[in-house]
Amino acid sequence: MAWRYALLLAPAASDDARTDFSGTFTPIDPSAPALSVGELSTQRGDGIFESIGVVDGHAQEVSAHLERLAHSARLCDLPVPNLGQWEQAVAAAASECPAGECVIKLILSRGVEHGPTPTAWVTVAEAADNTRARRDGIRVVLLDRGYDSGAPERAPWLLLGAKTLSYATNMAAIREAHRRDADDAVFVTSDGVLLEGPTSSLVLRQGDRFVTPAPGAGILHGTTQLSLFAHLAERGFETDYATLGVDALREADAAWLVSSVRLAAGVTSVDGARLPYDAGFTAELNAYLLSPRD
Ligand code: PLP
């Protein structure tokens, strides 16, 4: 990944009413060391993040990402971010994006061990080329998440609805999918409820109805899925959240894993069994997702 730009933020309080926060963030060399060895983000993965897709300099769905950052902060007992400050930092970062597709990452960590404040930074990098997944689709395998569907309520300290920096298990799931000759994974609870991909939301098509696992199930509420559902509803389709068993995926008329940077990747097979794949419709969804969205 080619890092283009980075900003270090001095986090402002959520009730700081300033209108100009430009003095609170500083550009730093994206290829030089920047974090203290005492950083809890690197020591413990103790922090939260967002990845925002940027298309030809336009950062997509910024408000939805900032709202989710604030939601994650609340779940993790981190100081609630000042969204005005982050919005201005995102605008500064987007202005550094070249034509084509980039990714802006927002990171808010608990800070340096025993330190007084959280650490916050923003990076800009060129996005990977996702043409193939968007055009040809992806093969997925179902992987047991290792907990049942009651876990989010029973054990809120698992932080299941937060986008935390602790993604080692998500990355391990993708490696396991590769070992099983697939491209990606779909997590399932130990009692057989569909969840999400390790870095994406699951959307199923059932006739003219589009359905996705309900966010209360301990998954992230995807900004791409939200945006896609608004678009599909505008086109006259029914959209819904539901508790879905694994057969709902195996019997779907189509399925996609959707996320901010890869966008819509159609599922072509589940555990080696083929699933109907509509390349034309997927191309339409990606054309929408690549258009400027706020
Ligand atoms: N679920 C998980 C676990 C993710 O990591 C992501 C994105 O990274 C998503 C869902 C999709 O979220 P979004 O559409 O906001 O990128």
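Author: Buried means under 20% relative accessible area, exposed means over 50%, and partly exposed is in between, with a 1.4 Å probe and protein chains only. Helices (H or I, at least four residues) and strands (E, at least two) are DSSP runs, numbered from the N terminus. This is a predicted model, in which local features need pLDDT of at least 70 and side-chain atom pairs count only at pLDDT 80 or more, while totals for chains, interfaces and linings use all residues. Residues are numbered from 1 along each chain as its sequence is written, and side-chain values use heavy atoms, with hydrogens and water left out.

Reader: Fine, then which residues of helix 7 are buried?

Author: In helix 7 the buried residues are Thr-223, Thr-224, Gln-225, Ser-227, Leu-228, Phe-229, His-231 and Leu-232. Their cover includes helix 2, strand 9 (201-206), strand 10 (209-213), strand 11 (238-242), strand 12 and helix 9.

Reader: And how does helix 7 pack with helix 9?

Author: Helix 7 (residues 223-234) and helix 9 (residues 279-290) pack at an angle of about 110 degrees with their axes 11 Å apart, where axes are lines fitted to C-alpha atoms over the stretch in contact and angles run from 0 to 180 degrees between N-to-C directions. The two helices, helix 7 and helix 9, are therefore roughly perpendicular to each other, a label that covers 65 to 115 degrees, with under 35 roughly parallel, over 145 roughly antiparallel and the rest oblique.

Reader: Which residues make that contact?

Author: From helix 7 they are Thr-224, Ser-227, Leu-228, His-231 and Leu-232, and from helix 9 they are Phe-281, Leu-285, Tyr-288 and Leu-289, contact being heavy atoms within 4.5 Å.

Reader: What about the length of helix 7, and what comes just after it?

Author: Helix 7 has 12 residues and reaches 17 Å from its first C-alpha to its last, close to the 16 Å expected at 1.5 Å a residue, the expected span being 1.5 Å times one less than the number of residues. Just after helix 7, Gly-236 takes a positive phi of about 95 degrees.

Reader: Switching to helix 2, which of its residues are buried, and what do they pack against?

Author: Val-62, His-65, Leu-66, Arg-68, Leu-69, Ala-70, Ser-72 and Ala-73 are buried in helix 2. These buried residues pack against strand 3, strand 4 (58-59), helix 3 (83-94), strand 5 (101-109) and helix 7.

Reader: Arg-68 is on that list, so what does its side chain meet?

Author: The side chain of Arg-68 meets that of Glu-50 in a salt bridge, at 2.8 Å from N to O; the term asks for a side-chain nitrogen of Lys or Arg within 4 Å of a carboxyl oxygen of Asp or Glu. Arg-68 lies in helix 2 (residues 62-75) and Glu-50 in strand 3 (residues 47-55), so the pair ties together parts that are 18 residues apart in sequence. Arg-68 counts as buried at 10% relative accessibility, and Glu-50 counts as buried at 0%.

Reader: How many salt bridges does the whole structure have?

Author: A search of the whole structure finds 18 salt bridges. One of them joins Arg-262 and Asp-184, with the closest N and O atoms 2.8 Å apart. Both Arg-262 and Asp-184 are buried.
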